[in-house]
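Subject: Structure handover

Hello,

Here is the structure we talked about. Please open it alongside this message; my notes follow below.

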Amino acid sequence: MRMSDQKRQRYYGDQKSSETPRSSRDQVGKYRGHIDVPRRTMAGVIGKKGHKITSITKETGAIVTVSPHFPNRFLVEAETEDSVYKARLAIILTVRQIRARIENPFQARREFSIDPQWLGDDKQIRLQEILVPRCDRKYYRLVPATGTAKRVPMKRATASGPIDNLLSIADKVLKEIRRESDEREHTTPLQVDVWMHLGLKLFYDINDGDVESVFFIPTLLDIVNSGGKWNTWLQSGVAELNIDQLHQLFKDHSDTVRTSVRYDVAFYTPLGQERRFKVWMPSESSDDDFKEDMASCDNGSAFVLAGPGFLSTTINSRLIADVAFPGRQFDCRFLIRAGVKDRSRQTEDEKKEDAILIERFCEKVEVSGEDLVFPPVTNLPEGYFLHFKRRCERKSYTIQDFELITSCETYVDYTEGVVPPANQEKIDLHVHSKACETLLKADGGHSWTPNDVVPLLRDMLTFVESELHFLDFHA
């Protein structure tokens, strides 16, 4: 199924759909392809004085030019099919970035904080090199500079300055969200999500002088939050962790356990959108938690669900805050997200794109035992790219008033070329506050206030810092 002429004219100008294959080889051995982009993104893809399109040519090895016949079409030529694929994908990703700047008025606030509760008496920190599998770059973690880390749990009444500052920022973000929701006069209340990922906060591109130095917390916060000297990465999940041991630890501390298998599939569309579908295979098909977000198709015990990426035009990250625990064997990422989860707000053309994806790919997913069999990527219509596929074996544990979820993930990232890499594996861990989620959802999301939510966020941080002491892992 190709785009209708009416849709193509609206977005791509007065041109007809070409029957030229997305990538073909000519008589002299060159691979050729083309890609159409929305009219308003054309100049951005080219860049000032052709800088962006030249950069794509250098990165992919493909020659990219504007079609002399169709002004909203790029022609791609290269020695290999892989280069044509990468160039076309680079153009789509550029379109995605341009649309995000045009359509998304919210830029996620990024913060970094340090919990000093486990530091030694001198409160000093140094960098320790960490070996990350399959990576040549040198990575570092923050660790106490001297002595053995203290085990002093963060108390609600005597919380540290950096954590208080982080919660103050969260309060400001929540007030902005509350104000935005009130301006809608409660006709379309914003849905607010809060959760934490557990992982390792790593730093790289650090000069030798800093590697050998010892730091106090204010100096480190200035270095990282200024966005200048060091690059950072949160390695979510831990690849080397023994999942069976982890499950046993959680089971010993948990009141209830739920299990499920989930598949995530993400695509890039011709309009530069990411569309993400989730397929749940819960152990108990009657579980309401899995049913409430069911979106498009019921295939035996599998449900195709609309995930956050599918709603990317209306759901936005508002706060992304990393918290380092020097002296502990993990760090965390704290997230606040808000938006209207209402697919009816999509444009008619975006709905058509989703219908194409569902019809041509997602509805052909088959259930085979506890696994799903996906159709070939070649089933995708012209202009669509498969971003990744991921299988997650999930276990959800209720500990006190919190839900801790482990996800053993096997995934394939298709953005590297026409031949996808081998399966990669990792273990993801994240924490949800049941009290916080109940409050944010009560009365249709109308009744919560920042003053109600912030204490629950502190409880959440306290739980991660002090109660998950049985977690001890490394990269």
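Accessible areas here come from the Shrake-Rupley method with a 1.4 Å probe. On that basis the accessible surface of the protein chain is about 22500 Å². Carbon and sulfur atoms account for 47% of that surface. Please keep in mind that this is a predicted model.

**Overall**

The protein chain holds twelve helices and 21 strands. Of its 475 residues, 51% are buried.

**Cores**

In general, nonpolar side chains in soluble globular proteins tend to be buried together. Here the largest nonpolar core has 45 residues. Those with the most contacts inside it are Val-192, Val-194, Phe-334, Ile-336, Val-431, Leu-457 and Val-464. Take Ile-336 as a way in. Beyond its neighbours up to four places away in sequence, Ile-336 touches Val-192, Val-194 and Leu-457, among others. The list of its contacts also includes Ala-170, Val-173, Leu-174 and Ile-177. Ser-317, Arg-318 and Leu-319 are on that list too.

**Helix H7**

Helix H7 spans residues 217-225. Which of its residues are buried? They are Ile-217, Leu-220, Leu-221, Ile-223 and Val-224. Seen down the axis of H7, these fall within an arc of 165 degrees, so they line one face of the helix. Pro-218 and Asp-222, on the other side of H7, are exposed.

**Salt bridges**

The count comes to 17 salt bridges. Two of the pairs sit in helix H5, which covers residues 161-183.

- Asp-171 pairs with Lys-175, with the closest N and O atoms 3.1 Å apart. The two are four residues apart, about one turn of the helix. Asp-171 has a relative accessible area of 14%, so it counts as buried. Lys-175 is partly exposed, at 41%.
- Asp-182 pairs with Arg-178 at 3.4 Å, N to O. They too are four residues apart in H5, about one turn. Asp-182 is partly exposed, with a relative accessible area of 39%. Arg-178 is buried, at 9% relative accessibility.

A further pair links two strands. Arg-333 and Asp-322 meet in a salt bridge of 2.6 Å, N to O. Arg-333 lies in strand E16 (residues 331-339) and Asp-322 in strand E15 (residues 315-324), so the pair ties together parts that are eleven residues apart in sequence. Salt bridges with shared partners join Lys-201, Asp-322 and Arg-333 into one network. Asp-322 is buried, with 4% relative accessibility.

**Ser-407**

Where does Ser-407 lie? Its place is in strand E20, residues 402-413. Is Ser-407 buried or exposed? The relative accessible area of Ser-407 is 1%, and the cut-off for buried is under 20%, so this residue is buried. The side chain of Ser-407 makes a polar contact of 3.2 Å with the side chain of Glu-409. Leaving out residues up to four places away in sequence, Ser-407 touches Cys-392, Glu-393 and Arg-394, and also Lys-426, Ile-427 and Asp-428.

Best wishes

Conventions. Residues are numbered from 1 along each chain as its sequence is written. This is a predicted model: local features need pLDDT of at least 70, side-chain atom pairs count only at pLDDT 80 or more; totals for chains, interfaces and linings use all residues. Side-chain values use heavy atoms; hydrogens and water are left out. Buried means under 20% relative accessible area, exposed over 50%, partly exposed in between (1.4 Å probe, protein chains only). A polar contact is a pair of N or O atoms within 3.5 Å; within protein, one must be able to donate a hydrogen and the other to accept it, and residues adjacent in sequence count only if both atoms are side-chain atoms. Contact means heavy atoms within 4.5 Å. A salt bridge is a side-chain nitrogen of Lys or Arg within 4 Å of a carboxyl oxygen of Asp or Glu. A nonpolar core is a set of buried Ala, Val, Leu, Ile, Met, Phe, Trp, Tyr and Cys residues joined through side-chain atoms within 4.5 Å. The arc is that of the directions from the helix axis to the C-beta atoms.
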